[in-house]
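Visitor: Please take me through one part of this model at close range. I would like its surroundings too, and then the whole chain for context.

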Amino acid sequence: MPGVDESSVDISLEDHVLSIKGETQEPHYEGYTPCRIETSYPNYERRFKIHELIEIERIEASLKDGVLKVQLPKTKPLLPKKIVVQKR
């Protein structure tokens, strides 16, 4: 995500869909007004369907040198448990 800083990235997880939104800013030049700009600075969004059970409290994200890293730790699998029926 080159050209994006941490404050303009929005990451959310809702209904097993991870959404990542980014907003790029047009560079500001002091004392210089460009007569023509040939590049655009779009906003963008990506969505990913998550099929695994995720520990929501442990989700982490970091942005360094234009690379976004999102860690989604899986929950431990549920193990079968034998339930003893008690006589009353």
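**Ser8 and the strands around it**

Guide: Start with Ser8. Leaving aside its neighbours within four places in sequence, Ser8 is in contact with Lys21, Gly22 and Glu23. Keep in mind that this is a predicted model. Ser8 sits in the segment before β1, a strand that covers 9-14. Is Ser8 buried or exposed? Its relative accessible area is 17%. The cut-off for buried is under 20%. Ser8 is therefore buried.

Now move to Ser19. This serine lies in strand β2, residues 17-23. Its relative accessible area is 9%, so Ser19 is buried as well. Asp10, Ile11 and Ser12 are among them. Glu45, Arg46 and Arg47 are also in contact with Ser19. Residues 9-14 form β1, and residues 43-49 form β3.

Which residues does Phe48 touch, leaving aside its neighbours within four places in sequence? They are His16, Val17, Leu18 and Ile20. For the pair Phe48 and Ile20, the C-alpha atoms are separated by 8.6 Å. Along the chain, these two residues are 28 apart. Phe48 has a relative accessible area of 32%, so it counts as partly exposed.

Turn to the loops. Asp15 is placed in the loop between β1 and β2. Its phi is positive, about 55°, although Asp15 is not a glycine. With a relative accessibility of 63%, Asp15 counts as exposed. The loop between β4 and β5 holds another aspartate, Asp65. Here β4 covers 60-64 and β5 covers 67-71. Asp65 also has a positive phi of about 55°, and it is not a glycine. At 73% relative accessibility, Asp65 is exposed.

Now step back to the whole chain. How many helices and strands does the protein have? The count is zero helices and five strands. From the N terminus the order reads β-β-β-β-β. The radius of gyration is 22 Å, well over the 12 Å that the globule rule gives for 88 residues, so the protein is more spread out than a compact globule. The C-alpha trace spans about 85 × 20 × 20 Å along its principal axes.

Of the 88 residues, 15% are buried. Ser8 and Ser19 are among the buried residues. Take the contacts with a separation of 6 or more: 42% of them join residues 24 or more positions apart.

Finish with the surface and the charges. The protein exposes about 8,400 Å². Carbon and sulfur atoms supply 51% of that area. There are 14 positive and 15 negative charges, and their mean positions are 19 Å apart.

Key
Residues numbered from 1 in each chain as written. Predicted model: local features only at pLDDT ≥ 70, side-chain atom pairs only at ≥ 80, totals over all residues. Heavy atoms only, no water. Helix = DSSP H or I, 4+ residues; strand = E, 2+ residues; numbered from the N terminus. Buried < 20%, exposed > 50% of the residue type's maximum accessible area, 1.4 Å probe, protein only. Contact = heavy atoms within 4.5 Å. Rg over C-alpha atoms; globule rule 2.2 N^0.38 Å. Areas by Shrake-Rupley, 256 points an atom, 1.4 Å probe, with all protein chains shown as cover. Lys, Arg positive; Asp, Glu negative; His and termini not counted. Charge placed at Lys NZ, Arg CZ, Asp CG, Glu CD.
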